[in-house]
Amino acid sequence: MRHLPVLLVICAALALLADISGCACDVARPETLEARECALCREAEAQPVEPPVFFLKDASPRKPQRWLMLPRTHGKGGEPLAGRTAQERLLLWTAAIEKAKSLWGNEWGLAINGSTARTQCHTHIHIGKLLKGVETGRFVVVDGPAKIPAPEDDSGLWVHPVGGKLHVHIGEEITETVLLR
């Protein structure tokens with residue numbers, strides 16, 4: 001118990017480091033892309049203009065099974081999903097679902113961390129195998145990627161298939177933990 005205060009301070013510090021709400025990435029000013037939280041913006045700039053999305057193997061050695069799907073274009077500020085058009089979001093979700101199915105069949109999951117838990121400014125969707133037993137009662141059922149909501153508060157969400165539909169778990173900050181590392 002005596003280590004609990006230290007642990008709480010460390011967790012609070014990590015949460016502060018993860019908050020990208022004040023993202024300063026600006027492709028017009030390449031020096032801003034040197035910041036750690038702008039690494040995926042740098043990666044997007046290194047990609048060809050077409051196709052409009054690209055995939056990366058997660059660089060973290062703690063996540064060897066994980067992939068990321070990213071749009072080639074940059075959004076504004078911390079790049080909230082709600083800041084993208086419905087057509088852009090449909091493209092992102094459709095591409096991520098196709099990749100997830102190719103990797104994990106019907107056992108896939110997609111996750112976007114909320115703005116206070118993200119460590120990268122550039123929009124990205126985590127793609128992985130959904131862990132067994134993570135389903136909660138807090139979800140909405142949608143017919144397909146066009147109906148996946150974009151949280152106005154920039155909270156996170158995770159998505160997975162169930163019986164020909166999608167369960168969308170919304171209102172969470174750290175969501176990628178439902179995926180196999």
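**A working chat about the predicted model**

Trainee: How many helices and strands does the protein chain have?
Mentor: The protein chain has 3 helices and 7 strands. Read from the N terminus, the elements run α-α-β-β-α-β-β-β-β-β.

Trainee: And what share of the residues is buried?
Mentor: Of the 181 residues in the protein chain, 41% are buried. The accessible surface of the chain comes to about 9,900 Å², and carbon and sulfur atoms account for 61% of that surface.

Trainee: Let us turn to disulfides. How many does a search of the whole structure find?
Mentor: The search finds 2 disulfides. One of them joins cysteine 23 to cysteine 121, with an S to S distance of 2.1 Å.

Trainee: Where do cysteine 23 and cysteine 121 lie?
Mentor: Cysteine 23 lies in the loop between helix H1 (4-18) and helix H2 (39-45), while cysteine 121 lies in the loop between S3 and S4, so the pair ties together parts that are 98 residues apart in sequence.

Trainee: Are those two cysteines buried or exposed?
Mentor: Cysteine 23 and cysteine 121 are both buried. Their link is right-handed, with 120 degrees about the S-S bond.

Trainee: Which cysteines form the other disulfide?
Mentor: Cysteine 25 and cysteine 38 form a disulfide, and their sulfur atoms are 1.9 Å apart. Cysteine 25 and cysteine 38 are 13 residues apart, each in the loop between H1 and H2.

Trainee: Is the disulfide of cysteine 25 and cysteine 38 left-handed or right-handed?
Mentor: The disulfide is left-handed, because the torsion about its S-S bond is about -100 degrees. As for burial, cysteine 38 counts as buried because its relative accessibility is 1%.

Trainee: What pattern do the disulfides follow?
Mentor: Counting bonded cysteines along the protein chain, the pattern is 1-4, 2-3.

Trainee: New topic: rings. How many aromatic pairs turn up in the whole structure?
Mentor: The search finds 0 aromatic pairs.

Trainee: Which lysine lies over the face of phenylalanine 55?
Mentor: That is lysine 99, at 5.4 Å from the ring centre of phenylalanine 55. Lysine 99 also lies over the face of tryptophan 67, at 4.2 Å from that ring centre.

Trainee: One more residue, please. Where is asparagine 113?
Mentor: Asparagine 113 lies in the loop between strand S3 (108-112) and strand S4 (125-129). With a relative accessibility of 5%, asparagine 113 counts as buried.

Trainee: Which residues is asparagine 113 in contact with, beyond its neighbours within four places in sequence?
Mentor: Asparagine 113 is in contact with Arg118, His126, Gly156, Glu173, Ile174, Thr175 and Glu176. For threonine 175, the backbone nitrogen lies 2.8 Å from a polar atom of the side chain of asparagine 113.

Key: Residues are numbered from 1 along each chain as its sequence is written. This is a predicted model: local features need pLDDT of at least 70, side-chain atom pairs count only at pLDDT 80 or more; totals for chains, interfaces and linings use all residues. Side-chain values use heavy atoms; hydrogens and water are left out. Helices (H or I, at least four residues) and strands (E, at least two) are DSSP runs, numbered from the N terminus. Buried means under 20% relative accessible area, exposed over 50%, partly exposed in between (1.4 Å probe, protein chains only). Accessible areas come from the Shrake-Rupley method with a 1.4 Å probe; for residues, only the protein chains shown count as cover. Rings of Phe, Tyr and Trp (its six-membered ring) pair if their centres lie within 6.5 Å; planes under 30 degrees apart count as stacked, over 60 as edge-to-face and the rest as tilted. A charge sits over a ring if NZ of Lys or CZ of Arg is within 6 Å of the ring centre and within 35 degrees of the ring normal. A polar contact is a pair of N or O atoms within 3.5 Å; within protein, one must be able to donate a hydrogen and the other to accept it, and residues adjacent in sequence count only if both atoms are side-chain atoms. Contact means heavy atoms within 4.5 Å. A disulfide is a pair of cysteine sulfur atoms within 2.5 Å.
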